[in-house]
Amino acid sequence: MILMIGGGKDPAAVAQTLTVAASVVVDGKFDPNAYPYQHLAVVRVGKIGTPDSQIPLVMTAIEILGGTGWELVSFTIAHRTVCAVMRRSRR
């Protein structure tokens, strides 16, 4: 099952936006093998706190995806948003 960034249960929405919330990955609600594309953005938008406070959750999601054949391409912090772009390794 793939969940969209807002926490919904619509795999088509994740495939359309190419984005998944870091918390969805960490909570085990995202199946990276079912995701149809080679690139994926893992995002955490903080409602409170600084961008630095969002980094641990995104880094945990990166580690989880790294263990399933994904590699980090880029990492960006803007305002209260942390975004990691991941690429599926060649199989």
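## The chain at a glance

Let's start with the surface: the accessible area of the chain is about 5,200 Å², and carbon and sulfur atoms hold 57% of that (Shrake-Rupley method, 1.4 Å probe). This is a predicted model, where local features need pLDDT of at least 70, side-chain atom pairs count only at pLDDT 80 or more, and totals for chains, interfaces and linings use all residues. Numbering starts from 1 along each chain as its sequence is written, and side-chain values use heavy atoms, with hydrogens and water left out.

The chain has 3 helices and 4 strands, in the order α-β-α-β-α-β-β from the N terminus. Here helices (H or I, at least four residues) and strands (E, at least two) are DSSP runs, numbered from the N terminus.

## R88, a buried charge

R88 sits in strand 4 (residues 81–88). R88 is buried but has no salt bridge, and D31, the nearest side chain of opposite charge, is 7.7 Å away. Buried means under 20% relative accessible area, exposed over 50%, and partly exposed in between (1.4 Å probe, protein chains only); a salt bridge needs a side-chain nitrogen of Lys or Arg within 4 Å of a carboxyl oxygen of Asp or Glu.

What does the R88 side chain have 2.4 Å from one of its polar atoms? That's the backbone oxygen of Y35.

## The one salt bridge

The count comes to 1 salt bridge: the side chains of E71 and R87 meet at 3.2 Å, N to O. E71 lies in strand 3 (residues 70–78) and R87 in strand 4, so the pair ties together parts 16 residues apart in sequence. E71 is partly exposed at 36% relative accessibility, and R87 is partly exposed at 29%.

Notes:
Lys and Arg count as positive and Asp and Glu as negative; His and the chain ends are not counted. A polar contact is a pair of N or O atoms within 3.5 Å; within protein, one must be able to donate a hydrogen and the other to accept it, and residues adjacent in sequence count only if both atoms are side-chain atoms.
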